[in-house]
Amino acid sequence: MCPPTSAADEFARLVELVRVLRSPEGCPWDREQTLKTLRPFVLEETYEVLEALDHDDRAALREELGDFIFEAVLLAQLCTESGDFTVADSLRSISDKLVRRHPHVFGPATGTADRPKPTTSDEVLQRWEDLKAKEKSHAGTERTTLGGVPSTLPSLLRAHEISLRAASVGFDWERAVDVVAKIEEEVAELRETIASGGASARERAEEEMGDLLFAIANLSRKLGIEPESALRLANEKFTRRFSAVESAIRAGGRALGDCTLQEMEDEWARVKAAERGPRPPAAPARPASP
């Protein structure tokens, strides 16, 4: 077994390994990489971390976090070589930001007279946004409520973040059931658009579908559910069940294309029932009163 080492020791080792990989004596592949070519790898590692989180796989999470940190160190090494900044600069930046934006933790123990210590997570988030806005203002950058939402986020996740920012300044439904009513309204508008037909129906349907998805993202936020994760789980569930349907049909010597829709739906119902397991016995009926 390797002797225990500190996180600082292991991080310094990783930084040095990456420096060597990028050196003239290092790896040709690593030397060829640029900030642009590394982008898909950063995205891939991000989703692999998310997959480990979705499955609560701690062993996979340990490995994927290492891969994710490697990509960050490699990006920082490229910027070190170009003279822009070092990985130490990035680490200092996030540490300073955490201290600056958590005055309720690292500041006066009881807060100040004009800014008492927040006691709820909602108050903390509001304080975070206020501090972020002040930082941008001091830097000479006009900050808008939605200006910091990255346009490169997956659209469903971006919708969630946009609605979260809007809600932080009070632009929100009061109750989750109010969002359900909005979803029903959007479904009705989409149904009407589809029924109308015509040359412009598809374009209008696309707009209405976007409105419906945005409303669903709002409901997800209101319920405290991250929609991208929820949709990933739904995708996995459908893939698992559909694959089981296909396997069962193939085991019977047939292909999916040879089956009717009803036959596939019947097999789907069997797979779904098998996943859920046996239902508990129904409670006995109460005897009639004498």
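Reader: What volume does the second largest pocket have?

Author: This is a predicted model, in which local features need pLDDT of at least 70, side-chain atom pairs count only at pLDDT 80 or more, and totals for chains, interfaces and linings use all residues. A pocket is an open set of points on a 1 Å grid over the protein atoms alone where a 1.4 Å probe fits, with protein on both sides within 12 Å along at least five of seven lines. With volume taken as the space filled by probe spheres set on the points, joined across faces, edges and corners, the second largest pocket has about 370 Å³.

Reader: Which elements give two or more residues to its lining?

Author: Lining residues have an atom within 4 Å of a point, and those of the second largest pocket include W128, E161 and R221. Helices are DSSP runs (H or I, at least four residues) numbered from the N terminus, and the elements giving two or more residues here are helix 7 (121-138) and helix 8 (155-168).

Reader: Which helix gives the most to the lining of the largest pocket?

Author: The largest pocket holds about 550 Å³ of space, and the closest of its 13 lining residues to the centre are T46, P150, T152, L153 and L157. Helix 3 (35-54) and helix 11 (227-251) each supply at least two residues of that lining. The most, 5 residues, come from helix 3.

Reader: Which residue just after helix 11 takes a positive phi?

Author: Helix 11 has 25 residues. Just after helix 11, a positive phi of about 80° is taken by G253.

Definitions and conventions:
Residues are numbered from 1 along each chain as its sequence is written. Side-chain values use heavy atoms; hydrogens and water are left out. The expected span of a helix is 1.5 Å times one less than its number of residues.
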